[in-house]
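Let's walk through this structure together, starting where its two chains meet. Have the sequence and the 3D view ready.

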Amino acid sequence: MTSMTSSDIKADTGKVPESGPAIRLSGISKSFPGVRALNGVNLSLYPGSVTALVGENGAGKSTLVKILTGIYQPDEGEIRCDGAPVRFATTMDAARLGVTAIHQETVLFDELTVAENIFLGHQPKNRFGLIDWSRMNADARAILERIGARIDPEMRLRDLGIANRHLVAISRALSVNARVVIMDEPTAALSHKEIGELYELVFKLKAEGKAILFISHKFDEIFRIADRYTVFRDGEMVGEGLLADVSQNDLVRLMVGRDVGQVFPKVPAEIGGTVLTVSGYSHPTEFEDIGFDLKRGEILGFYGLIGAGRSEVMQALFGITRPSKGAIRIDNELAVIRSPAEAVARGIVYVPEDRGRQGAVTAMPIFANVTLPSLSRTSRHGFVRMAEEFALAREYTARLDLRAAALDQEVGTLSGGNQQKVVIAKWLATKPKVIILDEPTKGIDIGSKAAVHAFMSELAGQGLSVIMVSSEIPEIMGMSDRVIVMREGRIAGTFAREGLTPEMLVRAAAGIGETP
Amino acid sequence: MMPVEKSSEPRFVRDRLQGRSERIVKSWESLLLLVAVVIFLVNVWSSPYFLDPWNLSDATFNFTEKGLIAFALALVIISGEIDLSVASILALASTLMGLAMTHGAGVPELVLIGLGTGLVCGAINGLLVSRLGLPSIVVTIGTMSLFRGISYIILGDKAFTGYPADFAWFGQGYVFWVFSVELVLFVLVAVFFAVLLHMTSFGRMIYAIGNNPVAAQFSGVRVERVKFILFLLSGLMSGLAAVCLTSRLGSTRPSIATGWELEAVTMAVLGGINILGGSGRIGGVVLAALIMGMVTFGFGLLNVPGIVMSIFVGLLLILVIAIPKVLNRLAPAKKRG
């Protein structure tokens, strides 16, 4: 039973706009065996205000979210709600006090309807104690309308795309009358248009007086929607205040503890002859008449909205899916690629977007992941030679500056950025001609990001051809020699590096013609 | 991890976290070896007949044929699949051998028919699983009924008897002193599968597929082909077991080796093969075979009824699998890496 209704809260916040925080954490510490994840951090969230929490991966952001939602208990420190000390012993306690989180991968249930997902655990009941379906669907519809989502509450969740799933997760947060909403990288998997809609929603929640904690790696969006910032570094809070008082560079300096000269250090490389030619490449449902060529030492960017068919083209080039029409030429020789094994043999490798599922065998050690596509080279007559394997893994992980305790450590125990380095090391060990990187820096910290970018430049400089699929405009603009924009399965435009503006990319991706 | 100053020198990650000795002590096989020694000592203590070389030799027949099946099955399970049709393949292979025998087939033909039937049955399973992408548990439950059903149609309530005298060598012959042909075969097959799984790139691919078939495919592993070969091997080993068992019994009934698929799965899982795929070693399966053989033999010497034995094996399975989990829970503060 909740004694407080949403109107009470609104009245509350309306009365005391510049009052104390809705929730205040002070002196929070949390240790795990061998690691001090949080060391006496403070965080305050104010009603009607968006606070951005920034920090590199491993800075302690996720631990803090888990403490706020009652998954972890802090070793030390105090949590106060509206000034009164509280304890979040369980996730239920946190939910009861109105704290709710929308994670990058919020747990939702594919086989249940939208309404069921929204009200799971607190479904409206009729007088027999059974679920009151008509009321639940009506309530769900009301909430969805409130946030401007055009989703039928009786649809099954599995029929929704990722953006609509976010909206369902947010509706779920609203259905419990949340006072504190935590959004953990909510835009990481969204397209440009969907991101705009999400921002609108954040403003709406803010206007309703919710205290919002917004976690993101994207600085432009932080400055666009947040009012305050809190910076974590290595488990400590190193700065907080109003965003109006700081610049992007100030935040980056706080985060990394040093000046980061250039985030995208693309160095000019010598562009050679054509390595890969794709022509008339088509798929029955995913893409149509794709044609481009790729030169030695070139970085070719692929920009577009989610669902524009970029990944699908890349996966066809890598032999995962079969195109219905079209031809590939490698070094002017016609190539038929029917499986990843054949693609690797031809010198085309692919670093997928979904690292945990497609990129790495996370339960296997680092060295075995690195050598998996190169086993024929590290073995003799089919017998593996461990010394050769470790030598190969040692060489390529060192080139990528991998941070790990040992090469027999499981990949799953590494941070996202280091897992990505293992996947890239695996492919470089095959000595490829073309490396395709699909959203190579999605969800990894700024330090690893810079390392991946620097390395891409270096590879191009050594004569490797790089295709980079990315939805981040700064990354595309900073790294690419040429950019191809895809829209609805077709190429919407090809742009040279010189004179390229973000507006040109956005227009091509959205299909907006030249307007006076 | 300590923060390290970045320098121009490449920073190599060291190879191993644990030394070899530490890995061996902490392994599943060490635990199984301990269990095997305890059961051995209990047997020695409880029956004066246990230590007789010929009695021990007889006891090996409790696990040799099942072990042949379990080794290949272990590889299938590590790859994330399962083959429940193994005992039915054995029955069909034995039946077709019997049928050939009644038409005057000699020893080489009988062996070829036994192994060939296994290969064909394995190929059917393999095609259905790898080409059509059907779940192996459903496919092999289907072929389990199918293959044994064919045996019943051929034989009805009759039996094939009267195999050639030379044919008895496989199941009743001895290579040297108390070492039977079957025991030698068991050792050779164990070595073959241990080498295949632990020392070849094919073996490495099996682990990769079992842990994450999608990432394995995205790493250029030919997942379908590996799975097909594994089902082929599983069928072949069932055929080999059919030759041995038919030779030892000297007859074929359609009910031959009923329930062996579950005993083979038990042997593999007791041996530390993860039923969800991705991990396990052949050495563990060898020890599990020895343990199950000794338990059966020891209880036999003490005139314990068969049903009690199966209760004991069931308890042993649950106990051995539960021990590491319980130990982990008792020592939660111990850190890893």
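Between chain B and chain A, the rule finds 10 residue pairs in polar contact, both residues at pLDDT 80 or more; such a contact is a pair of N or O atoms within 3.5 Å, where within protein one must be able to donate a hydrogen and the other to accept it, and residues adjacent in sequence count only if both atoms are side-chain atoms. On the side of chain B that touches chain A, H10(B) gives the most, with six residues. This is a predicted model, in which local features need pLDDT of at least 70 and side-chain atom pairs count only at pLDDT 80 or more, while totals for chains, interfaces and linings use all residues. Residues are numbered from 1 along each chain as its sequence is written, chains are lettered from A and ligands numbered from 1 in the order in which they are written, and side-chain values use heavy atoms, leaving out hydrogens and water.

The same rule-based search also turns up three salt bridges across the interface of chain B and chain A (a side-chain nitrogen of Lys or Arg within 4 Å of a carboxyl oxygen of Asp or Glu). A:Arg394 forms a salt bridge with B:Asp15, and their closest N and O atoms are 3.0 Å apart.

How many residues are in contact here? Chain B brings 34 residues and chain A 45, with contact meaning heavy atoms within 4.5 Å.

Now look at B:Trp54, which lies in helix H3 (residues 53-59) of chain B; helices are DSSP runs of H or I, at least four residues, numbered from the N terminus. B:Trp54 counts as partly exposed because its relative accessibility is 41%, between buried (under 20%) and exposed (over 50%), using a 1.4 Å probe and protein chains only.

How values were computed: Helices (H or I, at least four residues) and strands (E, at least two) are DSSP runs, numbered from the N terminus.
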